[in-house]
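Work through these exercises with the sequence and the 3D view side by side. Try each task before you read its solution.

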Amino acid sequence: MKTRRAFETGVALASLGLGALVALGAMRRRSLGPAAGHLVRDRLEESGVSSLVTAVLLNFRAYDTMLEVVVLVVAFWGAWSLRPMHTRVPERETDPILLRTVGGMLPVLWLLGIYLLWAGTSRPGGEFASGAVLGATGVLTLLIGERVPGTGRRVVRKVLVVAGVVVFMIAGVVGALGAIEGHELWSYPAEEAGRWIVAIEVAGAATIAFVLIGLFAGGRERLHGAASVRSEEG
């Protein structure tokens, strides 16, 4: 007990010390504006988009963004590779209140996710925001016992999982080949950057959404929705 209390006290003191350092650093900053903001603004026209955030995420530091998507895909495959438990969990009927409220909201949420994807090139939004909304909408769809559209076919699931990374890699290879013609290595040509970023955003949003839905489902069987399973059993 004494050891546990000493450990908890040490963690609390370390957390307070870290918080004090962060607060001290924030108070000494002359400005809370982004330090590299002027650099991004100066080269925004070359990025292919008019949104500062999207320019940073999908052009100036695109490799970092690609690796973030790779981490999600690896987590998805890890979760789906686990051996399923054979313990039978009793199923319960879907809450009628949840069914009516969420069921009426789903079309609006799907449209919101698509809008965020479209808005990402010029204002806050983009593949991560869109993927998160679409993924949450898919989870709500599963919660009311319905099947998420487009996830029933195995080939579609495989394409959705890797699309966000594959399109990124194709863009990188095309950029590398463009270096032969005098472009900078591993970069988009300025005149093609906008098209590549849109393609990456669409594929990335689809991958992020499906990975989030798949992590919640935890496997192919639960991805089909309780209502569909009951109808198949019936």
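## Exercise 1: H3 against H8

The axes of H3 and H8 cross at roughly 90 degrees and come within 11 Å. Task: which class of packing do H3 and H8 fall into, and which residues make the contact?

Step 1. Know what you are looking at. This is a predicted model, where local features need pLDDT of at least 70, side-chain atom pairs count only at pLDDT 80 or more, and totals for chains, interfaces and linings use all residues. Residues are numbered from 1 along each chain as its sequence is written, and side-chain values use heavy atoms, with hydrogens and water left out.

Step 2. Helices (H or I, at least four residues) and strands (E, at least two) are DSSP runs, numbered from the N terminus. Axes are lines fitted to C-alpha atoms, for helices over the stretch in contact, and angles run from 0 to 180 degrees between N-to-C directions.

Step 3. Classify the angle. Under 35 degrees counts as roughly parallel, over 145 as roughly antiparallel, 65 to 115 as roughly perpendicular, and the rest as oblique. H3 and H8 are therefore roughly perpendicular to each other.

Step 4. List the residues. Thr 54, Leu 58 and Asn 59 of H3 make the contact with Ala 193, Ile 197, Ile 200 and Glu 201 of H8. Contact means heavy atoms within 4.5 Å.

Step 5. Sort them. Ala, Val, Leu, Ile, Met, Phe, Trp, Tyr, Cys and Pro count as nonpolar, Asp, Glu, Lys and Arg as charged, and the others, Gly among them, as polar. The contact of H3 with H8 has 4 nonpolar, 2 polar and 1 charged.

## Exercise 2: Two partners of H4

Task: find out how H4 packs on H8 and on H7.

Step 1. Start with H8. Helix H4 (residues 62-81) and helix H8 (residues 193-217) have axes that come within 10 Å and cross at roughly 30 degrees. H4 and H8 are therefore roughly parallel.

Step 2. Check the hand. The crossing of H4 and H8 is left-handed, meaning that the near helix is turned anticlockwise from the far one by less than a right angle; clockwise would be right-handed.

Step 3. Find the residues. From H4 come Val 69, Leu 72, Val 73, Ala 75, Phe 76, Ala 79 and Trp 80, and they meet Thr 207, Ile 208, Phe 210, Val 211, Gly 214 and Leu 215 in H8. The contact of H4 with H8 divides into 11 nonpolar, 2 polar and no charged residues.

Step 4. Turn to H7. Helix H7 (residues 154-178) packs with H4 at an angle of about 160 degrees, and the axes are 9 Å apart. That makes H4 roughly antiparallel to H7. The crossing of H4 and H7 is left-handed.

Step 5. Sort this contact too. H4 residues in it include Ala 62, Thr 65 and Met 66, while H7 residues include Arg 157, Val 161 and Gly 164. The contact of H4 with H7 divides into 12 nonpolar, 2 polar and 1 charged.

## Exercise 3: Buried or exposed?

Task: decide whether Glu 201, Ser 51, Tyr 63 and Leu 177 are buried, partly exposed or exposed.

Step 1. Buried means under 20% relative accessible area, exposed over 50%, and partly exposed in between (1.4 Å probe, protein chains only).

Step 2. Take Glu 201. Glu 201 lies in helix H8. At 2% relative accessibility, Glu 201 counts as buried. Beyond four places in sequence, its contacts include Thr 54, Leu 58 and Gly 120.

Step 3. Take Ser 51. Ser 51 sits in the loop between helix H2 (37-42) and helix H3 (52-60). With 6% relative accessibility, Ser 51 is buried. Not counting residues up to four places away in sequence, Ser 51 touches Leu 44, Gly 120, Thr 121, Ser 122 and Arg 123.

Step 4. Take Tyr 63. Tyr 63 is in helix H4. Its relative accessible area is 45%, so Tyr 63 is partly exposed.

Step 5. Take Leu 177. Leu 177 is in helix H7. At 52% relative accessibility, Leu 177 counts as exposed.

## Exercise 4: The whole chain

Task: how many helices and strands are in the chain, and what is its mean pLDDT?

Step 1. The chain has 10 helices and 0 strands. Buried residues make up 32% of its 234 residues.

Step 2. The mean pLDDT is 79, and 82% of residues reach 70 or more. pLDDT is the predictor's confidence in each residue, from 0 to 100.

Step 3. Over residues 226-234, pLDDT stays under 50.
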